[in-house]
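Hi,

Here is the structure I promised to pass on. Have a look at it first, and then read my notes below.

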Amino acid sequence: MRALPSSLWPTQLVTLELLAQGYTNGEIARRFMIAPKAVETRVNRLYVALGLSPDDCDRDKYSPRVMAALMWWSEQPLSPGILASGTAVKDDLEGFPNWL
């Protein structure tokens, strides 16, 4: 998995975090208090910054949104709630996307 570029702006990082947590574009728009179309533009620019532009992704195999989320989650530290067996405490999974 590629590392997140250090050149991402703070708003791009927040957008990526919300995207990775499963927020829709509409929910992100409400969070930033901007138009949904502005979020769509912001997300598409984020994909380009991450090297995941729709032209670079095989849409039959990979969703740029999922790949961006995986990039974000791969850089998050493990929670103390992750047990040695690999199972997680329920509280640590609250808000965690089910598809990961």
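First, the ground rules. This is a predicted model, so to speak of local features I needed pLDDT of at least 70, and side-chain atom pairs count only at pLDDT 80 or more, while totals for chains, interfaces and linings use all residues. Residues are numbered from 1 along each chain as its sequence is written, and side-chain values use heavy atoms, with hydrogens and water left out.

Let's start with helix 2 (residues 25-32) and helix 3 (residues 36-49), whose axes come within 8 Å and cross at roughly 105°. Helices here are DSSP runs (H or I, at least four residues), numbered from the N terminus. Axes are lines fitted to C-alpha atoms over the stretch in contact, with angles from 0 to 180 degrees between N-to-C directions. On the helix 2 side the contact (heavy atoms within 4.5 Å) is made by Asn-25, Ile-28, Ala-29 and Phe-32, and on the helix 3 side by Pro-36, Val-39, Glu-40, Arg-42 and Val-43.

Next, Thr-15 in helix 1 (residues 10-20). Thr-15 counts as buried, at 1% relative accessibility; the cut-offs are under 20% relative accessible area for buried, over 50% for exposed, and partly exposed in between (1.4 Å probe, protein chains only). Leaving out residues up to four places away in sequence, Thr-15 touches Ile-28, Phe-32, Arg-42, Val-43 and Leu-46.

Ala-20 also lies in helix 1, and counts as buried at 0% relative accessibility. Its C-alpha atom is separated by 6.6 Å from that of Trp-72, 52 residues apart along the chain. Trp-72 is one of the buried residues of helix 4 (residues 64-74), together with Pro-64, Ala-68, Ala-69, Met-71 and Trp-73. The buried residues of helix 4 pack against helix 1 and helix 3.

Finally, how many salt bridges does a search of the whole structure find? It finds one, taking a salt bridge as a side-chain nitrogen of Lys or Arg within 4 Å of a carboxyl oxygen of Asp or Glu. The side chains of Lys-37 and Glu-40 meet in it, at 3.6 Å from N to O. Lys-37 and Glu-40 are three residues apart in helix 3, so about one helical turn separates them. Lys-37 counts as exposed at 55% relative accessibility, whereas Glu-40 is partly exposed at 36%.

Cheers

Definitions and conventions:
Helix = DSSP H or I, 4+ residues; strand = E, 2+ residues; numbered from the N terminus.
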